[in-house]
Structures are given as structure tokens and as C-alpha cells.
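Work through the exercises below with the model open. Each task is followed by a solution in steps.

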Amino acid sequence: MSKTKNYDELAKEIVEKVGGADNVNSVIHCATRLRFQLKDMSLGQVETLKKNPEVITVVKSGGQFQVVIGNHVGQVFDAITPFVGGATNASADSVDNTDQTILNRVIDAISSIFAPILGIMAGAGILKGLIALCVAMGWLDTASGTHRIINAAADGMFYFLPIFLGYTSAKKFGGKPFIGMVIGAALVHPDVANHFNAIFAASLGGPAVAPEYFLGIPISYMNYTSSVIPIILAAWFNVILEKRFDRWLPDAVKNLFTPFLCLLITVPLTFLVIGPIATMIGHGLSAAFMFVYNMSPILAGAVMGAFWQVLVIFGLHWAMAPVFINNLSVNGFDVFSPMTLPAVFGQVGAAIGILLIAKSQKTRALAGSVAISGFFGITEPAVYGLNLPRKKPFIFACIGGAVGGAVIGFFGTKVFSMGIPAIFSIAQYIPSTGIDMTVYGAMIGALIGIVVPAILVVMFYREVEENVEAESTAPQVGTPSATPASDTPAATSTTSSKPEKETLGSPFNGEVLALSQVPDETFASELMGKGIAFVPDNGVLYSPVDGVVESIFKTKHAFGLKSDHGAEVLIHVGIDTVQLNGEFFSPVVEEGQKVHKGDILMNFDIDAIRAKGYDVTTPMIITNTEDYLDVLPSSKEHHANAQAPVLSLV
């Protein structure tokens, strides 16, 4: 998606395909995907959205309808906001989630709470890591004003984390976010923090501190800076109170007295009951995970490295986010997050392996671009656009992640600030004592994560398109016929020893291009699937297959067909022609209609479209490419007449 002007149209399309604005309870976004919570999940049109060239893929998981966009997700989210109105701030209790499992509800809540702040947390974490690196290398004195100010910028997010989580938690649970922020601020108030520090010092032999009481009830002070679970539970409880007060109090006073009563009740109750219980839960969770880790760090690392990207595919990795942050809060470090670094770099290694063996320029270009994104922790393009569709490279990446994770477990690498596993994460593994073997272990594990899948891909995988060209025995481009094709099957095989093929006819009279020549990166990179492209001579679109018209885009510029042999074909007339909103396009068939090869699907005013400044280059994509051994051009001719064989599906 290269043009900002397309975001509004894409946003409108996405909202429509998730069941309309009325079906959207809430929507947030993370690094690469939109995360919808829908009132009725069955209304979400997964397959239709997948056919949109601007959408990488769609995943229904964790109680969410997730639309993977890529690096432009922030701009698309901004464009969606006007269409869904208050849904970006919607209350969680307005969702009909009775059909969701408890796990789905928990993951949905966690992702909604942490996703809005994950980016800034990762950025602050990288800054903390760079400070540690500068101190370890002797470039920065910890007693200097420079260190004090930069460290405040890096550590402020984590020290005051309850304030941020108070906002996002209250928003998720359907309350007033600023009340949640005030509760979080109370937990980290300097007076409270100083008193806790005095109690802690007394436990180490310092001056004694007299116990304190709230209305006769003894107060158990805890350290809530950087904590996670206490504020989330406090915000959840407060929202319950808040909604009741809003119902009970008159409209004239509830804006004043609802916050007053909520703070008066929730804050003391948090210090007296919720906070201590939540802290015990947090310490218990940390102890449980550390118990597993101490039993076998190598096995823990292998499991984390092998399955981390599988969790990412389904959006289930959010369930681990509070575990990582809780470990940081309780222990001052986390041992599990570093184990995910080789999993990320495993996808990079698989992409590099494909880059090394691919002969196709477009495949190499795609592999290079997704590898670069992967180094910075964004693996969705590599997973969905390259490795997962090819299956073996994704498996090899998981193997590399397992081996690298086991190595990191062996070295006992720790992370000292929250962040996204990426190339900059190495700096976050540096302890206050300086660079040691745990840091070198992380480097070795990350390198293994890259090298192992790259070698496995080079040794045991071949791009099919590089090997079957000589096997193509499709006929040469012939003469068009004015009548529909006969009932003779399009898939033919001259000898029983060769793979069975289906041959698609040209949908135009026009010039034939390789897909890589399409001036749209989404099509040219084969993210939607393999295929071929055309520059039509005139404004008549013919069916390339015997089959059914599965979809006609509302803007009439694109058709989805399914052949009798199972090929799913997308024909997208022109580049960016969606913006014409159907003008100049006149379909002559309807959705669900049976068609034969050579039947006219649509007439369009090619001259008027060009006069409006639009490129009429038309890609024809096999959207279920993964179902075939390969998709090959049937002829080397540069011009084809309608119905002439142009594409073979092996």
C-alpha cells in the first residue's frame, strides 16, 4: 500500500467486511494487525478480505478478528476510526462473548490492554539497553547528569507503568480511563513509595518504622512501581463500581460524585486487599515459571524458540506479555523473552535461504525486504508472505528458533527491560555489571536462529518455479474463438508420468506481462499468489476458466472466479481503479453465475479509464497458489488473444 489516498477506501472496505460499523464493538492495533472485537464473529468475511491486495491475511483467534496489514497498520487504523466512531473506545461488556472460551476472553483483554503501549514500551526498552551498553563500554558515567536525564526518559515508562495500564485497563473494561490513571498514580505516589523503601530498609537493619493503619485496619505496603497485575485488577473492580454509581446517581451530580466515590473506595481497597493479593499472584506466577525454567533451561528455551512464531500467527503470544513484564517487576529481569529472539531471527534466516536459492527476481526482492523487516522484529511479512505459504521454510525457521532458544537457555540470558525481540534487543540483555557470557550467549543463539534455517532451506528446499519450467508442455498461443470453449477439460496431460495441469486462457486480447512488471508491489511481490498480467487492447474481459463467478467487487473493477477444477482466480482490472467507484465498468454476469471459458464477464471503457490517469495493467492471480505444485506461464509470447492458453497450474 504505497499511497495514502487509498487508506480511506481500504478502511471502508474492511469495516464493511467485518459486518459493518454496528458489528464492531472495539478495534485496536498492534505492530502489524488490526484487532477487532466483533459482536457477531460469524459476520466477518474472512476469505473476501483475504482477497483484498492490501490485506496480508486474516486470522480469527483469541476472541478477535485480526486483519494483518503490515507496517502501514497505524495509518489504516486512523482511517478506520471515523467509520466505527466510538468503537475504538467501546465498552467490553457490550460484546456478546458467551461463545468465547475463558482463554479467548483473557487473551482479548490482555491484547487490548497492552497493545496501545507496546510500541512505546519497546522504544523505551531499547533506550535502556543502549544506556546499559554505553555504561558497559565506559562511554557514559552513571553519576553524570547526562545519564540521569536519559535514564529518566528510558525508565519513566516502566516506573510509572501502573498509570499507563490504569488508562488502558479502564478503557478495555468500559470505564473512565482517567479514573484508572488516578488509581495507578496513587499506587506509585512518591509518599507511598518512600514509605515502602523505609520499611524495606528497616528489614535490612535500618531504623525501625512504626506500622500504619487505615481506619484501624493494618496496611501492608507493597512496591507497585513497574507492577502489572495489581492495577489491572483494581481497574476492573473500579469499573464495576463506576457503572453502578452512574446508574444510581442523578445525571446532575454523577460526573462529580462517581469519580469521588470510586477513588474513595477503590484506592484504599487496593492498598488493603487487591494490591497484596495481586502481588502474591504475581510472585506466584513468577515462581512457577522460574521453577519450570530451573528444571531445564535448555528445554524451556527450545520450546519457546520453536513455538513462539506459531503463537504469533494466531495472536496468542499476547498471553505471554504480562508474564514477561511481571517477571521484570518481581525479579528485575526475565529469562523467557530472550528465548524468543532466535524464533524471530529464524524467519529471517529462512528468508535469507530463499534469497540465496531463488532465481526469480521478484522472489529475491520479496525475500530481501521481509528479511530486513524481520531484523527489526516485524515477522508477519516474512511469515505470511514468504515462509508459511512455502511450508518447509517456516518449519526450518521453527527448528532454528528451537536450537537458538536452547542455546540462550543454556547461557541463562536475561532481559532487563521490556521490548520486542529484534536486533536491538541484545543491548537490553546487558546486566549492570557489564557485558558477560549471557550476552554472548544471546548473540550465539540469535546467530544460530539465522544460520540453521538458512542452511536447511539451501540444502532441502527448492523454489518449484525454478525447476518445472522444462516440464511445461502447454500449447503455443493460438487464435481466438468467438464462441465459448468446448466442454473439453482445461487440465490436460500428454503422458501419465507428468503432473496433471489446468490451463487458464487469456482474459483479454492484449500484451502479456510477468507479474513482477505490475506497478503495484502487493501484486508484483506475489503476496496474493502467483499469476500473470496483461495490458488489454480493448475493454472486454473474458472468463479464463470454466467455473463460477464467486465475487464481483462492489466497485466492479475486480472479479473472483472459481474454476471447475478448483482454481481460485482474481482478475483486478487496472491499478488503483477502485477509486473510480465503479465508473466505466459494466459487468454482464452476476455473482454465483456459471460461466465458460471465453464468456464475456464485463465491458469497460478503457479509453475513459486511461483519460482519468489510471494504468490499465491487469493482474490475474491464483489466490490459492499454495494448493499447487507451481503456477507457470504457458507461452513465451508477448501478446495473446482471448482464450489463448497463458497460465498452467501444475
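## Exercise 1: The second largest cavity

Task. In this predicted model, find which residues lie nearest the centre of the second largest cavity, then describe its lining.

Solution. 

Step 1. Asn52, Pro53, Glu54, His557 and Val578 lie nearest the centre of the second largest cavity, which is lined by 16 residues.

Step 2. Helix α1 (residues 7–17) does so, with three residues.

Step 3. Sort the lining by class. Five residues are nonpolar, five are polar and six are charged.

## Exercise 2: The largest pocket

Task. State the volume of the largest pocket, and work out which element supplies the largest share of its lining.

Solution. 

Step 1. The volume of the largest pocket is about 1100 Å³.

Step 2. Its lining is made up of 41 residues, and those nearest the centre are Met528, Thr623, Asn624, Thr625 and Glu626.

Step 3. List the elements with at least two residues each in this lining: α1, α2 (46–50), α15 and β11 (547–552). Of the lining, α15 provides the largest share, six residues.

Step 4. The class count for the lining of the largest pocket is 15 nonpolar, nine polar and 17 charged residues.

## Exercise 3: α15 against α13

Task. Helix α15 (residues 380–390) comes within 10 Å of helix α13 (residues 341–357), axis to axis. At what angle do the two axes cross, and which residues make the contact?

Solution. 

Step 1. The axes of α13 and α15 cross at roughly 65°. Angles of 65 to 115 degrees count as roughly perpendicular, so α13 and α15 are roughly perpendicular to each other.

Step 2. The handedness of this crossing is left-handed.

Step 3. On the α13 side, the contact is made by Gln347, Ala350, Ala351 and Ile354; on the α15 side, by Ala382, Val383, Leu386, Asn387 and Arg390.

Step 4. By class, the contact of α13 with α15 consists of six nonpolar residues, two polar and one charged.

## Exercise 4: α15 against α16

Task. Find the packing angle of α15 and helix α16 (residues 392–411), and the distance between their axes.

Solution. 

Step 1. The angle is about 95°, and the axes of α15 and α16 are 3 Å apart. The two helices are therefore roughly perpendicular to each other.

Step 2. From α15, the contact uses Val383, Asn387, Leu388 and Arg390; from α16, it uses Lys392, Pro393 and Phe394.

Step 3. The residues of this contact divide into four nonpolar, one polar and two charged.

## Exercise 5: α13 against α11

Task. Is the crossing of α11 with α13 left-handed or right-handed, and which residues of the two helices meet?

Solution. 

Step 1. Helix α11 (residues 297–313) and α13 have axes that come within 7 Å and cross at roughly 65°. That makes α11 roughly perpendicular to α13.

Step 2. The crossing of α11 with α13 is right-handed.

Step 3. Gly305, Trp308 and Gln309 of α11 meet Ala343, Val344 and Gln347 of α13.

Step 4. This contact has three nonpolar and three polar residues, and no charged residues.

Definitions and conventions: Residues numbered from 1 in each chain as written. Predicted model: local features only at pLDDT ≥ 70, side-chain atom pairs only at ≥ 80, totals over all residues. Heavy atoms only, no water. 1 Å grid on protein atoms, 1.4 Å probe; cavity = no way out; pocket = protein on both sides within 12 Å on 5 of 7 lines; lining within 4 Å. Helix = DSSP H or I, 4+ residues; strand = E, 2+ residues; numbered from the N terminus. Nonpolar A, V, L, I, M, F, W, Y, C, P; charged D, E, K, R; others polar. Axes fitted to C-alpha atoms, helices over the stretch in contact; angles between N-to-C directions. Parallel < 35°, antiparallel > 145°, perpendicular 65-115°, else oblique. Left-handed = near helix turned anticlockwise from the far one by under 90°. Contact = heavy atoms within 4.5 Å. Points joined across faces, edges and corners; volume = space filled by probe spheres on them.
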